[in-house]
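This report describes the strands, the sheets and the chain contact of one structure. Look at the sequence and the structure first, then read on.

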Amino acid sequence: MTKQILSPLPGTFYRKPTPDKPAFKEVGDSVAVGDVIGLIEVMKSFNEVVADQAGRITGFPADDEEPVMAGQPLVDLA
Amino acid sequence: MAIRKLLIANRGEIAVRIIRAARELGIRTVQVHSAADADSLAVRLADEAVLIGPPAASKSYLNVVAILDAARATGADAVHPGYGFLAENADFADAVEAAGMVWVGPKGDAIRVMGDKVAARIAAEGAGVPVVPGSDGRVDEPEHARTIALAIGFPVMIKAVAGGGGRGIRIAHDMEEFERLMPQASAEARAAFGDGGLYLEKVIERARHIEVQILGDGTRAVHCFERECSLQRRRQKVWEEAPSAVLPQALREKLCASAVALAKTVGYRGAGTLEYLYDDASGHFYFIEMNTRIQVEHPVTEMVTGIDLVREMIRIAGGEPLRYRQEDIALRGHAIEVRINAEDPARNFQPAPGTITGLAVPGGMGVRFDTMLYQGYTVPPFYDSLLGKLIVWDEDRPAAIARMARALRELAVDGLPTTKPLHQLLARDPDVAAAAFHTRWLEPWLDQNAHRLGTEETTE
């Protein structure tokens, strides 16, 4: 079974800290518990999404700047 | 041109407010909306609704092309921008007029002058309105900036020429800090607003935020007295009143006359607000900026003057001359508005969207609740956290505060946390009762009272 990091909140998912900066993580990167993998904007307030499991990123089921629901997968891990 | 069909280029409670005013005038309404707002109260109340894009505001409520297309497709002959989004976008105002439609607001050029902090300051000085001591215009030369900072005295506020809404502001307490912050502020302003231009202003310590409501028809202008909005958190207003409890009558007349003078010099059309800092220790007031739109807190002015500001701005946009002379406008009683936001005061005001599982709206004399909520509505996470505004009126300020406490007790918004517990505490705070506050009063108060914001207290 693949591991996934889920959105803790409903809102807009951002893979970059600011539009002109590189993404927090890319496919192939390794992730440790506690790493920031993206941001969720909720009502103009930005919240860091922190990895709750470790692994290597195989994909991002949610795109950058995409609206997401709480519990929706953001990152696939192997 | 009399307006027959009005497009509302906004969402939330202000869209509902505008639809109500339009309907009373016999004007049909078109509500544009994002995919996240298909179930909104404004969409339900409007005569027609048009989907203009995905949830992100940049692709919907800020999408000028989609909004103008919706206006043409529905045969709308006017656009009301509400507040926020495109309300103070001069190019959008021009585009609406270029498309042969009525813009419910001031001319694009008036928005441009007042939206440019430096130009607004020069216009204010030209109209004889006192401004905060500072640089007369933008400062680009570091040596020049140091000279001005020394002349006006520390602490000095460094502001972005293109900033707004409390963003792009830094405070330097001495020359060392000033020299460190200036380059940072310029770089940040360039990144955030595309213009690194800065200007300097003296910091007025312990100032109150007082603002004057004006109405103009392009020729004449009148004021509708002032509001005080000194209770702020992170430069966002949370509790607003009309009139100010502390302004002496002679100063009120001077302040309001200065606002009318400035509105006339720019040939202002529609509803607008001039914001001032008021130092009650010295009795001085200073113009800071003008907002060329209807404001969130406009209902307190409506309650103390009996004038429907949104209706008047639509009538003026439709070509009617101003219906009021200054002597027709009287101040009666006291009004207070509190902002009910989807934020958890017990968790540092963390925003919390969700579904409204229950709603009890307070009633009775002098109570008004402007909201976009209904039972079963799901508050989307993509926009600001304002759910509604609870407004009360009574004969005097103590009675208005008692009425607010009573109305808050009746208000129940179930399914998500709101700022109601904060307002319940404020409504029985002795400093609030004495109007002994300033713009930096609330934040330390919140730190001291954090432990009391966790639960809804019912004891009186």
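Two strands count as paired if DSSP finds at least two bridges between them. Strands (E, at least two residues) and helices (H or I, at least four) are DSSP runs, numbered from the N terminus.

This is a predicted model, in which local features need pLDDT of at least 70 and side-chain atom pairs count only at pLDDT 80 or more, while totals for chains, interfaces and linings use all residues. Residues are numbered from 1 along each chain as its sequence is written, and chains are lettered from A and ligands numbered from 1 in the order in which they are written.

The pLDDT is the predictor's confidence in each residue, from 0 to 100. Chain A averages 93, and 99% of its residues score at least 70. Within chain A, the mean is lowest in strand S5 (residues 45-50), at 92, and highest in strand S8 (residues 73-77), at 97.

One open sheet of chain A has 4 strands in the order S1-S8-S6-S3, with antiparallel pairing. Strands S1 (3-6) and S3 (30-31) of chain A each have a single partner strand, so one side of each is left without a neighbour in the sheet.

Another open sheet of 4 strands in chain A runs S5-S4-S2-S7, also with antiparallel pairing. At its edges stand S5 and S7 (66-68) of chain A.

| Pair | Bridges |
|---|---|
| S3(A) and S6(A) (residues 55-59) | 2 bridges |
| S2(A) (residues 11-14) and S7(A) | 3 bridges |

A:Phe13 stands opposite A:Glu66 in S7(A).
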